Amino acid sequence: MSIEGLSSSMAATKLTTQSSVLVAKKLLDQQERDGQNAVALIQQSAPNPGNGNGKLVNAYV
């Protein structure tokens, strides 16, 4: 393989690696946002603890 061929091959590999890193970072950022949204949804769905009157078991005390 000539120097020119090796150089262009290495440049293509570097570009592919950089693209892969950018795609992985975007996926990780999206997963983090999805996780934050899931936690917020779970926290919103929790019942109001109230004062415990009229309940057999008050799990929040």
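I started with Asp29. Its relative accessibility is 28%, so I logged Asp29 as partly exposed. I am working from a predicted model here.

Next I looked for the partner of Asp29. Lys25 forms a salt bridge with Asp29. The closest N and O atoms of the pair are 3.4 Å apart. I then counted salt bridges in the structure and found 1.

Where do Lys25 and Asp29 lie? Both are in helix α1, which covers residues 3-45. They sit 4 residues apart, about one turn of the helix.

The exposed class needs over 50%.

I moved on to Gln30, which is found in helix α1 as well. Is Gln30 buried or partly exposed? Its relative accessible area is 35%, so I noted Gln30 as partly exposed. The Gln30 side chain makes a polar contact with the side chain of Arg33, at 2.7 Å.

Last, I took the whole chain. I counted 1 helix and 0 strands. How much of the chain counts as buried? The figure is 2% of the 61 residues.

Technical notes:
Residues are numbered from 1 along each chain as its sequence is written. This is a predicted model: local features need pLDDT of at least 70, side-chain atom pairs count only at pLDDT 80 or more; totals for chains, interfaces and linings use all residues. Side-chain values use heavy atoms; hydrogens and water are left out. Helices (H or I, at least four residues) and strands (E, at least two) are DSSP runs, numbered from the N terminus. Buried means under 20% relative accessible area, exposed over 50%, partly exposed in between (1.4 Å probe, protein chains only). A salt bridge is a side-chain nitrogen of Lys or Arg within 4 Å of a carboxyl oxygen of Asp or Glu. A polar contact is a pair of N or O atoms within 3.5 Å; within protein, one must be able to donate a hydrogen and the other to accept it, and residues adjacent in sequence count only if both atoms are side-chain atoms.
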